[in-house]
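Have the structure open while you read.

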Amino acid sequence: MKLMKLVQRLPASVVKRLHRERYRTPTWLTPVPESHLLSEQDITDFVESMKQPVLLAMFSKTGSLDAAQALQNLALLRPELVIPPVLEK
């Protein structure tokens, strides 16, 4: 059960961090140093690494809702990688 929560919360945390880095107005919080900002490749690599475990978790008896939330967050980061087109030309 704890693993399912990790699968659900990790993509949500990355979405929050990316929003904080790129879109939120500056606040009193310490900004993320330029050297540690998420690059486009970092985001793609993260989504690719999480995609298979999340899709497998969709078939779990108890964790399908958590997996669905994780899949939604991954799709926010990289929709073209998470939900590939069903039909080709």
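Predicted model: local features only at pLDDT ≥ 70, side-chain atom pairs only at ≥ 80, totals over all residues.

The protein chain has four helices and zero strands, and from the N terminus on its elements simply run α-α-α-α.

Now for how the helices pack. Two packed helices are described by the angle between their axes and the distance between the axes. Here are two pairs side by side:

| Helix pair | Angle between axes | Distance between axes |
|---|---|---|
| α1 (residues 2-22) and α3 | roughly 25° | within 8 Å |
| α2 (residues 40-57) and α3 (residues 64-77) | about 155° | 10 Å |

Take α1 and α3, whose axes cross at roughly 25°. Angles under 35 degrees count as roughly parallel, so α1 is roughly parallel to α3. Their crossing is left-handed. On the α1 side, the contact is made by Met4, Lys5, Val7, Gln8, Pro11, Ala12, Val14, Val15 and Leu18, while α3 brings Asp66, Ala67, Gln69, Ala70, Asn73, Leu74, Leu76 and Leu77. Sort the residues of this contact by class and you find twelve nonpolar, three polar and two charged.

The α2 and α3 pair packs at about 155°. That angle is why α2 counts as roughly antiparallel to α3, the cut-off being over 145 degrees. The crossing of α2 and α3 is left-handed as well. From α2 come Ile43, Phe46, Val47, Met50, Lys51, Val54, Leu55 and Ala57, and they meet Ser64, Ala67, Ala70, Leu71, Leu74 and Leu77 in α3. By class, that contact of α2 with α3 has twelve nonpolar, one polar and one charged residues.

Which residues does Lys51 touch, leaving aside its neighbours within four places in sequence? Lys51, found in helix α2, is in contact with Leu74, Leu81 and Val82. Lys51 and Ala75 are 24 residues apart in sequence, with their C-alpha atoms 9.7 Å apart in space.

Last stop, the largest pocket. About 170 Å³ of space lies in there. Its lining is made of Arg20, Glu21, Arg24, Thr25, Pro26, Thr27, Leu29, Thr30, Pro31, Val32 and Leu37. By class, that lining splits into five nonpolar, three polar and three charged residues.

Key
Residues numbered from 1 in each chain as written. Heavy atoms only, no water. Axes fitted to C-alpha atoms, helices over the stretch in contact; angles between N-to-C directions. Helix = DSSP H or I, 4+ residues; strand = E, 2+ residues; numbered from the N terminus. Parallel < 35°, antiparallel > 145°, perpendicular 65-115°, else oblique. Left-handed = near helix turned anticlockwise from the far one by under 90°. Contact = heavy atoms within 4.5 Å. Nonpolar A, V, L, I, M, F, W, Y, C, P; charged D, E, K, R; others polar. 1 Å grid on protein atoms, 1.4 Å probe; cavity = no way out; pocket = protein on both sides within 12 Å on 5 of 7 lines; lining within 4 Å. Points joined across faces, edges and corners; volume = space filled by probe spheres on them.
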